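This explanation leads the reader through a protein chain, from its overall make-up to individual residues. Please keep the sequence and the model in view while reading.

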Amino acid sequence: MNTFFIEFRDPLFSIIIFFTIIFIITFFSYWWGRYKRKEDSKQISKFLEQFRTLPSHNELKILIAEGGLSEKSWLLLASAYYKNGDYEKSIEIYNEILKLGNKRNTRETMFLLGKTYFKAGFLERSKQVFLEILKKNPRTPEALHYLLLVYEYMKDYKSALEVLEPLDELQEDVILERAYLHVLEALDSPNMTKEEKVQKLLEIYKNTHRLAYLIFDYIFQVDPQLAWKNIDISKSELLTELFWRCDSKDLNLDIITDNGYLRELYTARGDVKLAYNSSIFELDVLIKLEGKSNATLSFEYVCDNCKGTYPFAFSRCSSCHAIDTARVEYSLSKDYAKEFSEENNSFQ
């Protein structure tokens, strides 16, 4: 009998059984894992299917009220829609969360709603939301800053200046904001003559030495000679595009001759021959070309605060809303205006 069952006492047989059991467990674990992942994927797809198109008002209300997701999850979803530019979906979610009546996060949710309205361009609605926040919580600097932006975009500069008062009381630095709003107010005023606007802008600049591009852009358009007389040479690089656009007949050769950067700039443009090279690559190339090629300078502006890049000059960054943080960068590009002029002359 013992001879018949000898294989059960064989160590090799035990090892085979052991590895067989491990294989069976591993096999079933692998396929069970695949099955679970497939089921989880189906559930996630089913959930996301609800948000591929905006649910109706009633559907969204039911989804939020059912509590399938926490309020924090809904806020994260609304934030994702906001970042993707789906402001309508984000607004719907914020409004439904507010209707649930959870007082704990009401102010934060209202702030996000007002911010989304502002980003979507619904300025009046955004204003009403921020005013409601400030009515209950007047010492909320974030809401005050956005309310100021709303008034600025609505060109209600008087109201925007009034918002600076509570910000000043909250120890916020509003000197630059006030100067910026006064400049915009002067530029937009229908009751001031061009000469009065110029004098107002020069007064603001002499007091602050900020907002050079915004101020001198207007003065160069109205009175180029007065602009040259009051120009701040230390801002030459920032004002490069204004100098580059300035008509040849409006140039002040005395100022240009006395400034190394302007000598290089206008030699590169071909107005004078006061420089033979430049440490700036783009200007050096144009100087060497001596007008023999259809090349010119093109400009873009970088916000030193958020590093956002724009193809045009700005005084307030549209991304981070910082004021007077623009830095100019230029590159060589084809001069289409010169090419078009030469083509017209060839037909005459």
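The model is predicted; local features need pLDDT of at least 70, side-chain atom pairs count only at pLDDT 80 or more, and totals for chains, interfaces and linings use all residues. Residues are numbered from 1 along each chain as its sequence is written, and side-chain values use heavy atoms, with hydrogens and water left out.

The secondary structure comprises 17 helices and three strands, taken as DSSP runs numbered from the N terminus (helices H or I, at least four residues; strands E, at least two). Of the 348 residues in the chain, 37% are buried, that is, under 20% relative accessible area with a 1.4 Å probe and protein chains only; exposed means over 50%, and partly exposed lies in between. Among contacts (heavy atoms within 4.5 Å) with a separation of 6 or more, 48% join residues 24 or more positions apart.

Helix α8 covers residues 157–169. Its 13 residues should span 18 Å at 1.5 Å a residue, and the end C-alpha atoms are 19 Å apart, which agrees; the expected span is 1.5 Å times one less than the number of residues. Buried in α8 are Tyr157, Ser159, Ala160, Leu161, Val163, Leu164 and Leu167. An α-helix has 3.6 residues a turn, so residues three or four places apart point the same way. The cover over the buried residues of α8 includes α7 and α9.

Helices α7 (141–153) and α9 (175–188), together with α5 (106–120), each supply at least two residues to the lining of the largest pocket. A pocket is an open set of points on a 1 Å grid over the protein atoms alone, where a 1.4 Å probe fits, with protein on both sides within 12 Å along at least five of seven lines; lining residues have an atom within 4 Å of a point. Tyr146, Leu149, Ser319, Cys320 and His321 are the closest to its centre among the 19 lining residues. Helix α7 gives the largest share, five residues.

Most residues other than glycine have a negative phi. Glutamate 290, however, has a positive phi of about 55°; this residue lies in the loop between α16 (281–289) and β1 (295–303) and counts as exposed because its relative accessibility is 56%. Aspartate 324 also has a positive phi, about 60°.
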